[in-house]
Amino acid sequence: MSKKIVMTIMLGMNRFTEKDTQHPFDMSHAETFNKIWLPQISEIEKTCSTPIYEMTKTLDEFIIQYNTENPDIDQITKDDILVIIGRGTIGSGSEEYLSEALLEARRSYGHNAFFVFYTKSFGTVDTLRALDILNNQNCRFSAHLLFCIDGYATPISKASVSKIYRHKNKKERRLIIPRNVKLAYGIVQRRKGFKGLQIGAFHDSRCKNFVIRSKDTKGFEYTKYIDGYKRKLDVCHFNMEEIVSTIKCYKYNNNLYTINELLKIYCKKYMLGKI
């Protein structure tokens with residue numbers, strides 16, 4: 001069986017306005033991807049969501065790049081990739097749907113598939129809960145790569161997915177990264193809106209945190225909408241999806257990359273048998 005990639009995208013909760021979905025993307029590249037749409041996703045988000053656009057576009061570019069660079073080995077096609085798309089919500093529905101979708105993905109794509117998770121805000125919380133569900137079922141499910149973007153929980157939800165970690169004279173509430181996660185990146189901001197939690201214990205080598213600051217985004221705009229709209233990248237919770245796709249804020253081998261660049265790096269390492 002050829003190698004497979006399963007990409008999960010878990011959005012944050014619905015905003016109180018449709019500001020986030022006013023500007024469409026060209027989603028033609030994603031039409032032939034195998035997809036599982038979890039029921040919380042609205043129709044407008046299928047063409048107007050930054051994470052859905054960015055991650056499917058990155059996977060499409062990866063296929064072309066990988067096949068061009070490696071013409072003498074097995075080629076990868078869109079049939080080798082599954083994209084699961086859902087949303088974090090209040091209640092237990094999202095994590096239950098996600099855990100079931102992940103088990104179905106593993107049955108269809110194999111135990112050795114490369115499982116990658118893109119999570120934002122409350123989508124991070126429900127992803128962590130889904131991974132805990134799979135842990136408790138003792139089904140030996142592994143999440144190879146987890147991106148937590150300004151992961152946020154309500155006070156009640158924090159009790160189940162976070163704890164106070166201590167390091168020397170410092171203590172901080174952080175998200176608990178389940179034991180079935182091999183590597184996790186946490187990107188947060190500390191300026192406007194909901195302020196996400198960093199991830200993992202201070203000494204946990206699986207977890208890498210980065211705090212976005214105003215100086216990191218100065219002068220940057222997000223310009224990938226097909227209607228020509230340009231979004232100034234102010235540092236705030238609501239702009240984090242655009243920020244991580246534009247600003248180099250993920251550290252790998254002492255260099256910084258965008259989330260898109262880092263996803264391609266890890267997918268290539270997996271395809272070449274280096275992880």
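Predicted model: local features only at pLDDT ≥ 70, side-chain atom pairs only at ≥ 80, totals over all residues.
Biologist: How many of the 20 residues of α2 are buried?

Modeller: A residue counts as buried when its relative accessible area is under 20%. By that cut-off α2 is largely enclosed by the rest of the structure, because the number of its 20 residues that are buried is 14.

Biologist: In what order do the seven strands of the open sheet stand, and which two are at the edges?

Modeller: The seven strands pair in parallel, and their order is β2-β3-β1-β4-β5-β8-β9. A strand at the edge has a single partner strand, so one side of it is left without a neighbour in the sheet, and the strands placed in this way are β2 and β9 (207-212).

Biologist: Which residue of β9 is the bridge partner of valine 188?

Modeller: Strand β8, residues 184-189, runs parallel to β9, and six bridges join the two. Within β9, the bridge partner of valine 188 is valine 211.

Biologist: Against which elements do the buried residues of α3 pack, and at what angle does α3 run to β3?

Modeller: Helix α3, residues 93-109, reaches 24 Å from its first C-alpha to its last, and its buried residues include Leu98, Leu102 and Tyr109. Those buried residues pack against β1 (5-11), β2 (34-37), β3 (81-87), β4 (114-120) and α4 (122-136). The helix α3 lies across β1, β2, β3 and β4, and its angle to β3 is about 175°.

Biologist: Which residue follows α3, and what is its phi?

Modeller: The residue that comes after α3 is glycine 110, and its phi is positive, with a value near 95°.

Biologist: Which helix gives the largest share of the lining of the second largest pocket?

Modeller: The second largest pocket has a volume of about 180 Å³, and among the residues that line it are Phe62, Tyr66, Tyr252, Lys264 and Leu272. Two helices, α2 and α8 (259-271), each supply at least two residues of this lining. The largest share, five residues, comes from α8.

Technical notes:
Residues numbered from 1 in each chain as written. Heavy atoms only, no water. Buried < 20%, exposed > 50% of the residue type's maximum accessible area, 1.4 Å probe, protein only. Helix = DSSP H or I, 4+ residues; strand = E, 2+ residues; numbered from the N terminus. Expected span 1.5 Å × (residues − 1). Contact = heavy atoms within 4.5 Å. Pairing = 2+ DSSP bridges. Axes fitted to C-alpha atoms, helices over the stretch in contact; angles between N-to-C directions. 1 Å grid on protein atoms, 1.4 Å probe; cavity = no way out; pocket = protein on both sides within 12 Å on 5 of 7 lines; lining within 4 Å. Points joined across faces, edges and corners; volume = space filled by probe spheres on them.
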